[in-house]
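Try each one before you read its solution.

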Amino acid sequence: MTQTIYIHGVGAITSQPELLDGATDEVRAYQQVLVPAVDPDYKALIPALQLRRLNKSMRMALYAARVAMREAGVEQVDAIVTGTGLGCLTDSERFVQAMRENDEQFLNPTPFIQSTHNMAAATIALAIGCKGYNMTYVHNATSMEAAMLDTMLYLCEHPESTVLMGGGDELGLRTPQFWEQAGYLDTVRPQVPTPLTSPGTPGEVASEGSAFFAVSAKESERTVAKITGVKTAHDVTDMSAWIGHFLVEHGIGIGDLDLVMLGYNGDNRYDAIYRSVGEGIFSDLPQAAYKHVLGEYDTVVASGMALAVQILVHQRVPAVLRLNSYEPGRLRRVLLYNQRRGKNHSLVLMQTAGC
Amino acid sequence: MTQAPQAVVSGMGVVSAIGLTVAENLDALRHARSGIRPLALIPSVHKGKLLVGEIPLSNVELYGALGIPEDEAYTRTALLALLAMQEAMAEVDLGDGRRTGLISATTVGGMDATERYYDDYLESPAHRHFIPTHPCGHFTEQIAQRYGIRNYVTTISTACSSAANAIMLGARMIRAGLLDRAIVGGADSLSQFTINGFNSLMIYSDTYCAPFDEHRKGLNLGEAAAFLVLESEATAHELERTPLAYVSGYGNANDAFHQTASSDDGEGALLAMQSALKVAGLPPSAIDYVNAHGTATPNNDLSEGKALVELFGGNEAVPLFSSTKAFTGHTLAAAGAIEAVYSILALSEQAVLPNLNFNTPIAELGITPQTEWKATQVRHVLSNSLGFGGNCSSLVFSKNP
């Protein structure tokens with residue numbers, strides 16, 4: 001699929017707001033296994049009455065979407081396409097808990113309503129009055145990528161349209177306890193920035209966040225970057241061949257990439273997958289990581305892309321993200337490669353505007 | 001886009017409260033046999049009281065029917081999906097070199113396991129292998145792995161329009177030349193979570209649901225799964241398929257009115273139907289039958305009915321229509337998929353399906369659903385799916401390209 005997505009505005013809420021603002025190389029340090037996103041001043045963009053009714057997924061999405069639209073200078077969009085791995089987790093938990101505590105009687109329906117996975121996309125539609133195409137993908141760690149692929153298709157079909165595309169996930173309360181039981185988390189020595197050196201420790205540092213992009217099929221003076229390729233796969237047997245094939249499909253080779261952003265999260269059971277390509281096909285390239293500062297969640301790639309936009313716009317890779325000492329020259333093309341727990345691999349190819 | 005090659009429906013499979021195969025579902029539809037009964041299988045205080053469209057097989061029986069080892073973790077949604085997949089995939093050879101994708105849909109996902117083991121997970125290791133099954137995408141991954149579907153695999157969750165949107169994405173990807181074949185559909189099992197959710201919203205009927213009736217009192221939930229095999233016209237031709245139908249149109253729009261309720265005038269539904277007809281290149285008058293969403297909630301049927309009257313240009317102009325929810329219950333994410341199967345049956349049988357439990361037309365609308373099986377010419381069927389968050393989808397299935 002070759003339809004280029006032009007990004008005109010970005011809004012992101014993460015556990016590293018300063019880094020995403022591009023203002024500093026400093027990142028916040030955390031010594032905890034669950035790192036909440038830092039709440040912005042939601043009231044600046046969401047009326048207080050409305051805000052009170054929104055759970056964290058909904059408010060993060062609406063705020064990020066409004067920032068993206070403001071940056072892009074658009075008042076309205078034609079479609080809203082989103083991804084979320086787990087949806088509105090806290091309201092889901094709240095409703096289950098209420099059912100158990102009250103023996104399924106006299107339940108408040110609000111948490112049930114707001115547990116629905118498409119509530120972030122629906123909230124944005126309701127808030128901005130967008131009656132167009134509205135879609136939500138829920139495919140674990142490739143939910144955001146699915147939203148991007150749909151956006152590419154949509155922009156092929158509707159070349160004059162503007163689309164809000166984004167993804168987000170929230171931390172729950174009970175669910176992270178389940179993750180701990182399932183062995184997903186690094187409960188022994190969790191820290192951010194997460195050390196990525198071998199031998200490392202098993203488990204992830206879990207976080208949350210939301211990032212939205214106001215995009216279209218046409219370049220404008222507001223364009224900050226573009227997405228030229230997206231690919232996903234549940235399992236990959238030969239990673240180098242898979243990545244090589246993707247680059248060929250997009251008419252480029254390894255040498256045409258100026259930076260690769262790898263989804264290292266410090267979980268030594270799966271980081272070897274990144275190390276194999278980092279020391280293999282990407283060994284001569286500048287490399288960066290992003291999940292060691294943003295934490296892990298299904299749609300973290302959306303915030304990784306927001307970071308990539310910063311890097312492309314400012315032509316600078318913050319030191320805290322760098323994995324090797326290669327000094328990038330002109331930053332034109334960035335490839336993001338992500339997977340989670342060895343499954344749901346994705347490639348996202350991004351470029352500077354005008355290149 | 002209207003000139004692009006259409007997606008052909010080459011196969012389908014369905015499990016619902018009215019049958020475990022397409023043939024069983026057809027037989028029940030033809031003989032007006034509803035699957036709505038008092039809740040029997042889900043552990044709940046509502047057991048024996050609330051009316052549901054439950055599939056009369058326990059999880060243990062489903063494991064057995066599918067040959068799944070008992071120590072593996074499959075939620076009920078996954079089990080129902082796999083049963084429907086067996087039938088849908090009967091004629092598909094995934095080793096034939098075609099680019100095959102899987103686009104599934106659910107709202108419940110693994111919630112039935114999560115609600116059951118909510119405290120247990122923390123106390124005992126016995127069921128912790130079910131923890132990874134909670135996310136909606138998990139059962140899609142299980143299907144993809146069991147069948148070896150390695151091209152594009154994803155999951156959609158847009159409330160009650162989820163599976164309609166999965167069918168739409170498959171048709172769009174085939175039209176765009178991204179896939180040769182798309183396995184599309186959805187599944188939702190009953191759960192305490194959804195039963196209590198709709199009950200708490202005060203839209204759960206205390207009797208058999210009566211779509212489009214003036215005195216309707218709300219919905220009955222159901223559980224189901226259905227998948228369609230969509231193929232490009234070229235692929236279907238090369239494989240010498242007999243097309244069951246064509247996905248000739250699709251549209252999605254948002255009501256942008258309220259979190260759960262549809263707008264009074266059904267604007268979202270109207271926009272979705274209009275864009276589906278536009279993609280199909282058909283005027284409203286070409287539609288012979290509308291398989292309505294028709295949940296039998298006071299709000300849905302009035303809103304959808306108004307949209308139908310508006311689309312067709314007056315209550316007299318509304319073609320034959322019915323809701324099949326009184327057979328199956330409202331099966332949430334699966335509804336768009338099972339009703340796609342029923343719409344295709346209307347084309348293959350050249351008949352309109354009955355709307356059960358109807359007595360009195362909604363005064364404000366003056367439209368009457370088809371209440372009996374009726375043999376008639378059916379060339380194009382419009383199928384609606386409307387959901388929470390204002391998500392409205394409409395599909396057009398056609399007998400001929």
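The buried residues of α11(B) pack against α10, β10 (289–291), β11 (320–322) and β14 (380–387) of chain B. Helices (H or I, at least four residues) and strands (E, at least two) are DSSP runs, numbered from the N terminus. This is a predicted model, in which local features need pLDDT of at least 70, side-chain atom pairs count only at pLDDT 80 or more, and totals for chains, interfaces and linings use all residues. Residues are numbered from 1 along each chain as its sequence is written, with chains lettered from A and ligands numbered from 1 in the order in which they are written.

**Exercise 1.** Work out how many residues of α11(B) are buried.

*Solution.* Start with the criterion: a residue is buried if 20 or more other C-beta atoms, placed from the backbone, lie within 10 Å of its own. Applied to α11(B), this gives eleven of 15 residues. Among them are Asn300(B), Leu308(B) and Phe312(B).

**Exercise 2.** Check the length of helix α11 (residues 298–312) of chain B.

*Solution.* First, the expected span is 1.5 Å times one less than the number of residues.

**Exercise 3.** Find which element gives the most to the side of chain B that touches chain A.

*Solution.* Count residues in contact (C-beta atoms, placed from the backbone, within 7 Å). Chain B supplies 51 residues and chain A 44 residues. On the side of chain B, α8(B) gives the most, with five residues.

How values were computed. Two residues are in contact if their C-beta atoms, placed from the backbone, lie within 7 Å. A residue is buried if 20 or more other C-beta atoms lie within 10 Å of its own, exposed if 12 or fewer, and partly exposed in between; C-beta atoms are placed from the backbone.
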